[in-house]
Amino acid sequence: MGVFDRFRTSTPQDMPPTDAVPTAPTGYRQTAGSLHAFNRYEIKYFVDELKVPELRRELAARMDTDPYSPHGGYPVTSLYYDTPDLRFYWEKIEGLRFRRKLRMRLYGNPSECTDDTPVHIEVKQRVNRVTQKRRIAMPYGTAQRWLDGRQEVGCDPPQRPFVHEVTTLIGNLDLRPIVTTGYLREAFVGREADLGLRVTIDHKVHGRDRDFGFASGAQNRFVVPPKLAIVELKANERVPYWATDLTARMDMSVVRVSKYCQSVEAFGLAPRSRFGAPGLVLPQGFDGRVPTGLLETTTTVP
């Protein structure tokens, strides 16, 4: 009997309680060698788009541009899974010291996504102040059959702990698609003494709460005012002094923001958190529809 079969044949009283899902990292040490996995610290800021050219020049003086990152950014689209009562959302809002979320991520133009397009299935989790990410790549059609159709997928032996963990999460917690988020990302990577540093600038953050197929062509809406970009400083050990000094000189505000939570709140799936940044709230009456073609790029991405 497969893992999903166990969930299908169980009656509600036989189902394991949600607390039975592991609440500590599982499978990481076994899969770190074959999965894309890492730990790092992250600090987020928002910046006015008018200041981005200056920020870009400052970063380029000390960092290398990611070879896949064109001027203006490449498209990133993520489909987030959560429980019917938004358990992962509330874990973030309540600031639990251990929390995680499951997403399917596409790099590239959503309109060009087919069943054969590679996507990444990711578990991103926070343990105290450290962010951990584990993911595997597979064709989009296979990922849909696994996460949405709840069909078991084959994998290499080193990937089995991760695949089993995700399958168990889906079955135990009855995970389903909730929202998508997307943006255009510019990325810079550290050099010399700053090899562990990565800085990203995310433009035109948007999402939707229906028609979740990446290539559906459904209407997206901005979930962050388009005049603002979200900047993330990501470091394996510490953020260098020059980087924090740069953010201070440019009057960039540290912000506690989750793009997933922004989408959930923007579409009225949960009340807006009092912990959110007021500057990221869309103005009342703002037409947040994203113009067709605004998010497309001709640049190849990983």
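Predicted model: local features only at pLDDT ≥ 70, side-chain atom pairs only at ≥ 80, totals over all residues.
Trainee: What is the general idea behind a salt bridge?

Mentor: Side chains of opposite charge can pair when their charged atoms come close.

Trainee: How many salt bridges does the structure hold?

Mentor: It holds 19 salt bridges. Take R249 and E58 as one case. Their side chains meet with N and O 3.8 Å apart. That counts, because the cut-off is within 4 Å.

Trainee: Where in the chain do R249 and E58 sit?

Mentor: R249 is in helix α7, residues 241-249. E58 is in helix α3, residues 52-62. They are 191 residues apart, so the pair links distant parts of the chain. E58 itself is partly exposed, at 27% relative accessible area.

Trainee: Which helix holds E91 and R87?

Mentor: Both are in helix α4, residues 87-93. Four residues apart means about one helical turn between E91 and R87. Their closest N and O atoms are 3.1 Å apart, in a salt bridge.

Trainee: Is E91 buried or exposed?

Mentor: E91 counts as buried, because its relative accessibility is 12% and the cut-off is under 20%. R87, at 21%, counts as partly exposed.

Trainee: What about strands? Which residue pairs with E122?

Mentor: R135 does, at 3.0 Å from N to O. E122 lies in strand β5, residues 118-127, and R135 in strand β6, residues 130-139. They are 13 residues apart in the chain. Both E122 and R135 are buried.

Trainee: Which residues are linked in a network of salt bridges?

Mentor: R185, D202, E232, K234 and K259. Find them in the structure above.

Note on methods: Residues numbered from 1 in each chain as written. Heavy atoms only, no water. Helix = DSSP H or I, 4+ residues; strand = E, 2+ residues; numbered from the N terminus. Buried < 20%, exposed > 50% of the residue type's maximum accessible area, 1.4 Å probe, protein only.
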